[in-house]
Every structure is written in structure tokens, then in C-alpha cells.
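Work through these exercises with the structure open beside you. Try each task before reading its solution.

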Amino acid sequence: MDEAVGDLKQALPCVVEAPTVHVEVHQRGGSTARKEDIKLSVWKLLNRHNIVFGDYAWVEFDEPFLTRNVQSVSIVDTELKVKDPQPIDLSSCNIALHIFQLNEDGPSSENLEEETENIIAANHWVLPAAEFHGLWDSLVYDVEVKSHLLDYVMTTLLFSDKKVDSNLITWNRVVLLHGPPGTGKTSLCKALAQKLTIRLSSRYRYGQLVEINSHSLFSKWFSESGKLVTKMFQKIQDLIDDKDALVFVLIDEVESLTAARSACRAGTEPSDAIRVVNAVLTQIDQIKRHSNVVILTTSNITEKIDVAFVDRADIRQYVGLPSMAAIFKIYLSCLEELMKCQIIYPRQQLLTLRELEMIGFIENNISKLSLFLSEISRKSEGLSGRVLRKLPFLAHALYIQAPTVTIEGFLQALSLVVDRQFEERKKLSS
């Protein structure tokens, strides 16, 4: 029997699918060039550069047409599943080109009129938005959080396209990101909406992001029936009805649902409150049936998330505090930005954590500064991403206060400001 199985395995063809490499082409805002013409020019560019190492971006071009019409050409997301940059032979890959222009308009408010006041029910962006440009790359996580989220949405679209019977296999198009404050959950939701709008630009002409104002929803509307909730979701339904649009509904701090229902049961809120919350859950159940909508939610208080809502979430992704490796990468990106702006001058090359590992963390003239940064990263563990991104600014404001500073001077200031953060935390906790 075993021999028969072995023969069968040998007889089956081994199909190895070529990897897909995503190339994002940022078309200039004032450009009116046709996408087909831009694609041709980008293909010529890629043919001249067959081998790349991980993510790479071109921002200057030899060809005048690209210079006039394109801001950048970026090979993206190659490192989401592979930690170490690998040489990529573009000639042996499936190349997916995504051409996009940024919407510069900014958010608009979705207002709902009540008898005594005008309630701002939601903020609304047309995607891809200039406000979220670069946000995806700025978010650093240790586990494959970003790749998991991308894969999830692509699978929901595939199952919808193939008309998989949802009575047999269920999926709700609901994502729940949970974890401590300051870990970038809300930013990740916005960045994911932006990324998917670009990634699916051949399928949807644009994206819509509606961020529901949870605090208004669950503090002001308890005295009302479910009418205002229904009105708000009708506006979202109108967006979903446009099949050229990919619609994202973001509910931040979704544990407010639990707080509302608990308060109602305890008798501290009007009985109408629970009808409002149930109306929200009912509306979510209605809009999730559409193939062009994704519901993104966040929570800071994991243990208080409403069970009725948790059951609706397909993906429940924990987003924790960054590890030392992630902190090192965050600091590197901050230092690179300050060197680009010539606040840190002259520019000096810093080694990555992987490169330090390869030389066994041995100190020499080349590795000295990078080793100092790794020490700072190690003692920064326990700080959130939100705090870490503030520290370079505080380091300059508190310890430098000069137009330019050397990398050595800046790292010393950064080390001091990290110590200060933990001292202040102790004082606050006492």
C-alpha cells in the first residue's frame, strides 16, 4: 500500500506557482496621463532592473514621461512574510502593477440632525487619501499581522466571486483588532483600507472609509429610538450600492457596545439604550452581506468586548507592544527621516539588527553606533508604538535644541529621553 501511495505521489505533477510581486505606482496629482501609457513606461523601467533586494522604490527617473507623471514606483510588501531581504528576480515573478492617485480633499463629516443639535456621526474619507500615504509602512509589528489581514480580505473576495454557499461556510467580513492602547490599531485599520484600495484598484475605482464616532453614538443617542442609527447606516448603504467602490466601516473602541448594554442591565441608562446597540449590531449584519464592504473594529479592553460582537468577527487579531526588534526598526526609520531632513548631520549608515547578528554583535568603528541603538531599543521595551514615535521629537526638544546634531549626539539624547519616560511613568503610577 505504501509503495502504491509513493508511486502516486511521483506521478502527480508538482506545480510551483511563481511568486507575485506588487508594484505600486504613485501617479502625480496633476497628471492626466493614461494608465496604459504609465504601465508601458513602468514595465520598461522594471525590465532594466531585473534583480532587487526586498522592498525598493524609484523616485527619480531617466525617462521624461515618468518624471512628469509619476511620483514614485515602489516594490512593496516583499518582507511581510520573509523577515530577511532576499534577492528577487523580477523576470521570474508575476508582477502586479497598481497605479493610483491620492485624494487631497481630506475627511468630510457625516452629520445627523437631532431636534436640539447636529450630531457628527462619522468621518468619511475617499481613498486612497493623501492623509494616509506612508502610514502602512510606518507600522512595525513582530508577527505577520499585516500579511494576515491582507490575506483575509483577499480570501473574502475570492469566496464571494466563486459564490461559495455562505450557509455551508460562513464569513462575516468583520475584523477585530484588540490590545493595549497606543499599539496602532486604529492607524492599522486606516492603513489597511488605504492599502487594499490601491491593491484592488483594477477592480474598484476608489475606496470609501467611514469612521463611526462611537462616543457620539453611545452617549448622545440613548434618549432616541434606533432612527438615527438607521439613518447613519442608510448613508453607508448608499456608498455600498456603488459597486465601483470598496467600502470600509471603522468602529473604534467597539467595547462601547458592551458598556452600553451592561449599563442598561444595571439600570443606569434608559431602556432605549439596548435598542440602539442592538440596532447597530443588526445594521452590521445587513451590510456585511455585500461583497464590497469590510467592517474594521478595535478594542483596548479585551475582556469587555461584547460576546455578541466577538461572535461576528472572522479575524480577532491581538496587537501588542513592540518587541526589541520592532523598536529597533522603528528607531531606524525615525533616524533615517531626521538624516533626510538634515537635522541629524552628516548622514551615517547604520547597520540593521540582522546585520549586527551576522557579525555576532562585535563592536568596531562600523557597528559602534548601531550597537548603541540596540541598547536603547532594549531598554525601551514596554513602551507603545505611539510613545516611541514621539521620543525623537522629545529628545531634540529636551536635550539638543539646535538646528543640527551628529548621530552620536542624537543617540545620547534619545537614551536620556527613554530613561525619562520610565521615570515619569513611575511618578504617575505612585
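**Exercise 1.** In which helix does Tyr399 lie?

*Solution.* Tyr399 lies in helix α15, residues 385-399. Helices here are DSSP runs of H or I with at least four residues, strands are E runs of at least two, and both are numbered from the N terminus. The model is predicted, so local features need pLDDT of at least 70, side-chain atom pairs count only at pLDDT 80 or more, and totals for chains, interfaces and linings use all residues. Residues are numbered from 1 along each chain as its sequence is written, and side-chain values use heavy atoms, with hydrogens and water left out.

**Exercise 2.** Is Tyr399 buried or exposed, or in between? Find the surface patch that holds Tyr399.

*Solution.* Start with the cut-offs. Buried means under 20% relative accessible area, exposed means over 50%, and partly exposed is in between (1.4 Å probe, protein chains only). Tyr399 has a relative accessible area of 34%, so Tyr399 is partly exposed. Next, the patch. Leu398, Tyr399 and Leu416 form a nonpolar surface patch with about 250 Å² of accessible area together. Like charges are joined within 9 Å, and nonpolar side chains (Val, Leu, Ile, Met, Phe, Trp, Tyr) within 5 Å. Areas come from the Shrake-Rupley method with a 1.4 Å probe; for residues, only the protein chains shown count as cover.

**Exercise 3.** Against which helices do the buried residues of α16 pack?

*Solution.* Buried residues of α16 include Ile407, Phe410, Leu414 and Gln421. The buried residues of α16 pack against α12, α14 and α15. α16 has 23 residues and reaches 33 Å from first to last C-alpha, close to the 33 Å expected.

**Exercise 4.** How many aromatic pairs are there? Classify two of them.

*Solution.* Rings of Phe, Tyr and Trp (its six-membered ring) pair if their centres lie within 6.5 Å. Planes under 30 degrees apart count as stacked, over 60 as edge-to-face, and the rest as tilted. The count is 3 aromatic pairs. Trp125 and Phe132 have ring centres 5.3 Å apart and planes at 55 degrees, so this pair is tilted. Trp125 is buried at 4% relative accessible area, and Phe132 is buried at 5%. Phe159 and Trp171 make an edge-to-face pair, 5.4 Å centre to centre with 85 degrees between the planes. Phe159 sits in helix α5 (residues 145-161), and Trp171 in the loop between α5 and β9 (174-178), 12 residues apart. Phe159 is partly exposed at 26%, whereas Trp171 is buried at 15%.

Key:
Patch = residues over 30% accessible without salt bridge, like charges linked within 9 Å, V, L, I, M, F, W, Y side chains within 5 Å. Salt bridge = Lys/Arg side-chain N within 4 Å of Asp/Glu carboxyl O. Expected span 1.5 Å × (residues − 1). Contact = heavy atoms within 4.5 Å.
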